[in-house]
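Welcome, and please open your viewer. We will go from stop to stop, selecting as we go.

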Amino acid sequence: MLDLLITNGQCVLPSGLAAVDIGIAGQKIVSIGAPGTLAAAGRRVDAKGGLVIPGGIDPHIHCSSAIKMSAADPAKFTDPPSQVSRAALWGGTTTLIDFVQCTHERSIQQAIEQTDAIWKGDCYCDYGWHLTLMGAIPQVQFGEVAEAIQAGHASIKMFTTDIRYGQTGRMVQHGHIWEALKVVAKQGGIAAIHAEDNDIVMFMYEKLIRENRVGFEFMAEVHNTLSEELAFNRVIRLAENVEGCALYMVHVSAATGVAALANSRARGFPMYGETLHQYLMYTAEDYKKPNGQIYHTYPSLKYPEDQKKLWEATNRGALQVIATDELCCPLRIKLQGSRIDDTTGGNSGVEPRVGLMYTQMVTKRGYTPEHFVDMVSTNAAKIMGLYPRKGALAVGSDADVVVLETGIDKTIRAEDMHETDYTPWEGHKVTAWPRVTVMRGRVVVVDGVFSGDLKQGEFLPRKIPDEVRSRPAV
């Protein structure tokens, strides 16, 4: 007998959309068949009228992350995995990927262990980590990176900028990036790059401060499109000169970044792009709204012409993933800065992402349900070495299944969310919302009731497939 049977839904399978039943035993999908043909089950979920999809994957979130107003400011911390993962499951996302800060006073293994202590037993869903290299990479860390990749930490993040004026320690010099890319490529990993030109960014901070144009509404002049163009092209050229080197460019925000990715992919290089739902739905004009900081993340929001190119690139173009850069904190923390040099980045977005993107992609732009699923789940699984365990409704895959109620008219309200006390999506109308979320065979959300278990979330070791590293496979 099956443990769980999901019936009467239109299911997004790897082969396409189909009216099938899905049988689950334990934590896995064990059978898929025509309606009414599968074995009996101890529990049945009727997906009638719904779209059945694999659980969403958000490969860019920040839990228990330090927020500092200045170098001297005592750190405040974003909300923990328990809070963010609970909101994720409410919103149909079943896998999260966060970051391990690999600072220099501890080994990478120590950094991993300290992060593991925060997450283990405190996450409702499954999770993995990117390893973030910082500043001038000590020689010993290159060997530690190699060991970590072999242990399943397959993605390595680096910054080409310090991001904020007056703060240092993030930016990795291009020579160090080049050396790190060689290690990552040799070990079969992938590099995730936050790419802005530091010289341009810091010059613009100084220029605007000198001109007394310091309100955060000027942020797009600091973190500008030229900065993205220069940084993307430079780091892409470094990667193109390292055999087997794949890049995952995080939070692409500008048309210039899209163009750089598209050009390299056209030459056959394994370059992948992630954008954020913020960039797809807000522009720099939104900074002028009351509490406009709630829309901000780094790099800044850009302009309508950039947004147009971002949307074009999600249509089987240079962008493969829509993430959130989730940074969950109370509104008072999000609003604590109001200048170009002190505004808090990131925002709460993991819960509404799936419903918002279905509305924007399928309802408003006519994308197929399969394409929508690729952008919020499957492509991230493939690029990050989780497929087909994650990101697929297939026999043998983890039973991470979401029933989306479609054709609805729902208004997003902060009081209905499960992240924090505000949402940057307040008042947005959506045409789809998760009705049921199944996490590795366990029904964790149904009929407005949450029944997750903090003991269920597991760390996911990852290995990047050779085809992802050898060509633009997604």
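Which unit do S12, helix H4 and S13 make? Select residues 155-159, 174-187 and 190-194: together they form a right-handed β-α-β unit. Right-handed here means that, with the strands pointing away from the viewer, the path from the first strand over the helix to the second runs clockwise. Helices (H or I, at least four residues) and strands (E, at least two) are DSSP runs, numbered from the N terminus.

A word on the model: it is predicted, local features need pLDDT of at least 70, side-chain atom pairs count only at pLDDT 80 or more, and totals for chains, interfaces and linings use all residues. Residues are numbered from 1 along each chain as its sequence is written, and side-chain values use heavy atoms, with hydrogens and water left out.

S12 and S13 run parallel over five bridges, with Met-158 bridged to Ile-193. S13 also pairs in the parallel sense with S14 (residues 247-249), over three bridges, and there Ile-193 stands opposite Met-249.

Last stop: Thr-420, in the loop between strand S18 (401-411) and strand S19 (429-439). Thr-420 is buried, at 17% relative accessible area.

Technical notes. Buried < 20%, exposed > 50% of the residue type's maximum accessible area, 1.4 Å probe, protein only. Pairing = 2+ DSSP bridges.
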